[in-house]
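Subject: Structure for you to look at

Hi,

Here is the structure I promised to send over.

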Amino acid sequence: MSYRLLLLFLSFYLFCTLSQAQDPGSGAQIDSLLQIIEEDAKPLEARLSAYEQLLERGHDKFSGDSLLSLAQDFMELAKDQPLYTARATEAIAMGYRRKNEHKKADSTFEVALKMYQTIGDEKGQGTTWEELAIQEFRSGDKQLALAKFDSSIYHARKAKDQITEASALKNKGTTLAALSQYQRSLDLLEQPLQIFQEIGNQQGMASIYNDRGTVYGRMGKYDKTLEEFNKSLVIRREMK
C-alpha cells in the first residue's frame with residue numbers, strides 16, 4: 001500500500017475513532033449540572049455557577065436551539081449580575097453559530113466582548129477573542145483570524161487560563177497551516193502540546209498530534225504523518 005493510500009485509510013480510521021471518543025465522565029457531569037439548574041430551591045449563586053460550567057464544558061453537546069434556550073434561561077437568571085450576564089451573552093452567540101446564523105453570532109460575540117472589557121474580566125476576553133477569531137477563519141480572513149487569536153492568547157495568559165491559551169495556540173497553528181506556513185505551524189503547535197501535557201489533558205494532546213500529522217501530510221512527509229496519528233490513536237485508546 002502506498003503512503004498516500006495508507007494516509008487516507010488512517011485518516012478515515014482516526015476520524016471514526018475521534019468521533020466515538022468521549023471525554024471521560026462528561027455525561028455524568030452534565031447530568032449533575034442540569035439537576036442543579038432545575039432545582040429552584042438551590043441558592044442563586046449555585047444555579048448561576050452550574051449554568052456557567054454547563055455552557056463552558058458541555059456547549060458542544062447541545063443543538064443550536066437547545067444551546068440558545070439554555071443560554072437565554074441563564075440570561076434571565078443572571079440579570080443585574082454583569083459577569084454572568086456576559087457569560088450568558090457569549091453562550092447565546094455560540095448558539096447562533098451552532099445554527100449557522102453567523103451575522104447574529106458575530107454581533108453577539110462583540111457585545112459579550114464589550115461587557116467583559118467593561119468589567120475587566122480577562123478570562124472572558126480571552127475566550128471571546130478566540131470565538132471571534134474562529135468566525136474570521138470561517139469567513140475566509142485568515143490574517144485577521146491570526147491577529148484575534150493573538151488577542152485571545154494575550155488575555156488568556158493574563159487570566160492564567162491555560163485551557164483557552166492552549167486552544168487559541170492550537171487554532172492559530174492550524175490557521176498558519178491553512179496559509180501554507182507549515183513549519184511555523186509545527187513550531188507553534190509545540191506550545192499547546194506542552195500545556196496539555198502539563199495539565200494532563202489527554203484529549204488536547206491527542207488533538208495536537210492529529211493536527212501535527214495533518215500538517216506533515218500537507219508537506220508530503222507521510223512517515224511523520226503516520227507517526228503523529230499513531231500517537232493520537234494511542235492516547236484515545238487510553239481514554240476509553
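Below is what I found, going from the whole chain down to one residue.

A word on the source: this is a predicted model, where local features need pLDDT of at least 70, side-chain atom pairs count only at pLDDT 80 or more, and totals for chains, interfaces and linings use all residues. Residues are numbered from 1 along each chain as its sequence is written, and side-chain values use heavy atoms, with hydrogens and water left out.

The protein chain has 12 helices and zero strands (DSSP runs numbered from the N terminus: H or I of at least four residues for helices, E of at least two for strands). Of its 240 residues, 46% are buried, meaning under 20% relative accessible area, with over 50% being exposed and anything in between partly exposed (1.4 Å probe, protein chains only). Take the contacts (heavy atoms within 4.5 Å) between residues at least 6 apart in sequence: 55% of them join residues at least 24 apart.

Two helix pairs are worth a look. Helix α9 (residues 162-178) packs on helix α10 (residues 182-199) at about 160 degrees, with the axes 8 Å apart; axes are lines fitted to C-alpha atoms, for helices over the stretch in contact, and angles run from 0 to 180 degrees between N-to-C directions. So α9 is roughly antiparallel to α10 (over 145 degrees; under 35 is roughly parallel, 65 to 115 roughly perpendicular, the rest oblique). The residues of this α9 and α10 contact split into 12 nonpolar, six polar and five charged. Here Ala, Val, Leu, Ile, Met, Phe, Trp, Tyr, Cys and Pro are nonpolar, Asp, Glu, Lys and Arg charged, and the others, Gly among them, polar.

The other pair is helix α5 (residues 82-98) and helix α7 (residues 122-139), whose axes come within 11 Å and cross at roughly 20 degrees. That makes α5 roughly parallel to α7. From α5, Arg87, Glu90, Met94 and Arg97 take part, meeting residues of α7 that include Lys123, Glu131 and Arg138. The tally for this α5 and α7 contact is two nonpolar, four polar and six charged.

Finally, which residues does Thr174 touch, leaving aside neighbours within four places in sequence? They are Ser185 and Asp211. Thr174 sits in α9 and counts as partly exposed because its relative accessibility is 25%. Thr174 and Ser185 are 11 residues apart in sequence, and 6.5 Å separates their C-alpha atoms.

Cheers
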